[in-house]
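Dear colleague,

Here is the structure I promised to pass on to you. Please look it over first, and then read my notes below, which go through what was found.

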Amino acid sequence: MADLPFHDRTDFDDAERGFIAQLTPAVIKAAGGKVIWDNDAYAFLGGECPPSANSSLWRQAQLCAKQGLFEVTDGIYQVRGLDLSNMTIVEGERGVIVIDPLVSTECAAAALQLYRDHRGERPVTGLIYTHSHVDHFGGARGVTGGTGIPVIAPAHFMEHAVSENVYAGTAMNRRAAYMYGQLLPRSPEGQLGCGLGMGTSAGTVSLLPPTLDITRTGQAETIDGVRIVFQLTPGTEAPAEMNFLFPDHRALCLAENATHNLHNVLTLRGALVRDTRVWSRYLTEAIALFADRADVAFASHHWPTWGREHIVAFLSAQRDLYAYLHDQTLRMLNRGMTGNEIAETMQMPPALEQAWHTRGYYGSVSHNVKAIYQRYLGWFDGNPAHLWEHPPVEQARRYVEAFGGTPAVVALAGRYIQEGDLRFAATLLNHAVFADEGSSEARRLLAHVYTRLGHGAENATWRNFYLTGASELTGRPSKAATDTVWPDMLSALTAEQTFDSLSIRVNGPRAWKERFAIDWHLSDLNEHHRTTMSNGALIHEMSPSGDGADLTLRLTKERMLSLLAGDNDADGIDHDGDMTVLHRLTAVLEEPTPDFAIVTP
């Protein structure tokens, strides 16, 4: 890291610019006293970088840990460091517009109170979600009930906000515990944040549905006397996302499309693969649309950039970053290289290597290149040997047998550790653990390797994955600190999404011989749905024609949700047909496993 410009303190100056006050202590608790956010736990970052941390990541953590209320420009304020994301507050004629109310209601309420302590008791007169990730809407009810005020979001926000968090939510949440280091100690040896911020809060998640959709670039709205001009950017950092300008403030909000790090093309927790090609093009468009009309650019994470020249330089480098990764990956895959080979070969331009805001603290060049490859060519690299490989345990048993047994593999791994090849040592020891789960020596040594890899990683999410894996090898999988199935999220599901989420819980083999149809008449929505169990698949139809249902239910959506959640009291429900069919349906549903094994079989 000696060649990086550690002497450049511009980011530290910008991260402290406009500082008004901190939250003291920076500890936020839920109603029952549970600590859901503790930024004071990172006080150790005030010291020198220790051997257990990458010096570049340590620097990024120092910047992200700065918390408090900051003035961005006249009439616009940010609360930073009280959750993974920033909450931005824009003063209007009668009150304030809140942008991105954090993950948790408790953190959002604390952030708003910090603002009010120094700017006065102004009511919330508008709410804006920049995009469809939970750290940008989850705290909504902590700042407002939403009644009578506009709630603004990009088109298709609700579809993506609920589908990402519900359909694969359990698996994503389990992996998120690794990605964010939720269960690691906050210490020089443990979690140093996640590059994008310090972590995710563990409070109450809410969702207020939008009342106003942004459907096109150039759409202009006035909220509480504040003029806003929007740019839609779907398919960038989120499937539904938008940038927007406050022309009277000459201030540009970049959502999460341009932050002070290389972002993820595919997050390690799992998600849809993002499109670096359009990501780059929307940043080019943002320069053309807004650069001459903005004196400051701020985002949903990190600190702002001031001055037109600096804004253009920042956006241009971010644009070039995603364009380069996209184009060079495509160039090399069209020469026959696989994703892994491209990731090892990729060399970044020197100017991007030297820019702090393009470093891979959250996303990495390595896993982003593989994601771009996946977007275009999928998981298969074209080599028939990889078409039908054994699953991990069976493959591991054969490798270990071929190497002469677990003791031989462990000994060989020890040699690679001494030679400094921690990557292959991890591969060998992973096979040893999966082939012989009871080998305490294989577990201990693999935990040692993961710890060393984590302590050397510049990427915060890699560090958290390695260190969480090491912790679980020497302990047991722990429950995730947060849940993805919140009451507001479930109630926000459309009926179609509810049935979709139900269908992925059907144990197919258990339902092979079942055949029935249920009609659901949802009186409060005036909707008619049919679900048919056929060959182990639950098929959904909207407004089906004809008769033929074994059971017809007439009820509200809320009552339907309670039935599907396991409420067995069906008395009083208006119905025709055989009520035992409902029990046949619930009998083939299974609950997901929130603490499934990752680093062990």
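I begin with H302, which is placed in the loop between strand 15 (296-298) and strand 16 (305-306); helices (H or I, at least four residues) and strands (E, at least two) are DSSP runs, numbered from the N terminus. Before going further, please note that this is a predicted model, in which local features need pLDDT of at least 70 and side-chain atom pairs count only at pLDDT 80 or more, while totals for chains, interfaces and linings use all residues. Residues are numbered from 1 along each chain as its sequence is written, and side-chain values use heavy atoms, with hydrogens and water left out.

Backbone

The phi of H302 is near 70°, a positive value in a residue other than glycine, and with 5% relative accessibility H302 counts as buried (buried means under 20% relative accessible area, exposed over 50%, and partly exposed in between, with a 1.4 Å probe and protein chains only). L102 also has a positive phi, near 65°, and is found in the loop between strand 7 (96-99) and helix 3 (105-119), where its relative accessibility of 0% makes it count as buried. A cis peptide bond, with omega about -10°, joins T24 and P25, and P25 belongs to the loop between strand 1 (19-21) and strand 2 (27-29). As background, most residues other than glycine have a negative phi, and most peptide bonds are trans.

Aromatic rings

The structure holds 16 aromatic pairs, where rings of Phe, Tyr and Trp (its six-membered ring) pair if their centres lie within 6.5 Å, and planes under 30 degrees apart count as stacked, over 60 as edge-to-face and the rest as tilted. In one of them, the rings of Y129 and F157 have centres 4.9 Å apart and planes at 15°, so this pair is stacked. Because Y129 lies in the loop between strand 8 (124-128) and strand 9 (151-154) and F157 lies in helix 4 (residues 157-166), the pair ties together parts that are 28 residues apart in sequence. Y129 counts as buried at 0% relative accessibility, and F157 counts as buried at 1%.

F499 and W520 form a tilted pair, with 5.5 Å from centre to centre and 50° between the planes. This pair links distant parts of the chain, with F499 in helix 17 (residues 495-503) and W520 in strand 17 (residues 516-522), 21 residues apart, and both F499 and W520 are buried. Elsewhere, ring pairs link Y42, F44 and W58 into a cluster.

The charged end of R9 sits over the ring of F12 at 3.8 Å from its centre, and that of R174 over the ring of F596 at 5.9 Å from its centre.

A residue of helix 4

V162 lies in helix 4 and, at 0% relative accessibility, counts as buried. Leaving aside residues up to four places away in sequence, V162 touches Y167, L207, M489, A492, L493 and Q497, contact meaning heavy atoms within 4.5 Å. V162 and L412 are 250 residues apart in sequence and 47 Å apart in space, C-alpha to C-alpha.

Note on methods: A charge sits over a ring if NZ of Lys or CZ of Arg is within 6 Å of the ring centre and within 35 degrees of the ring normal.
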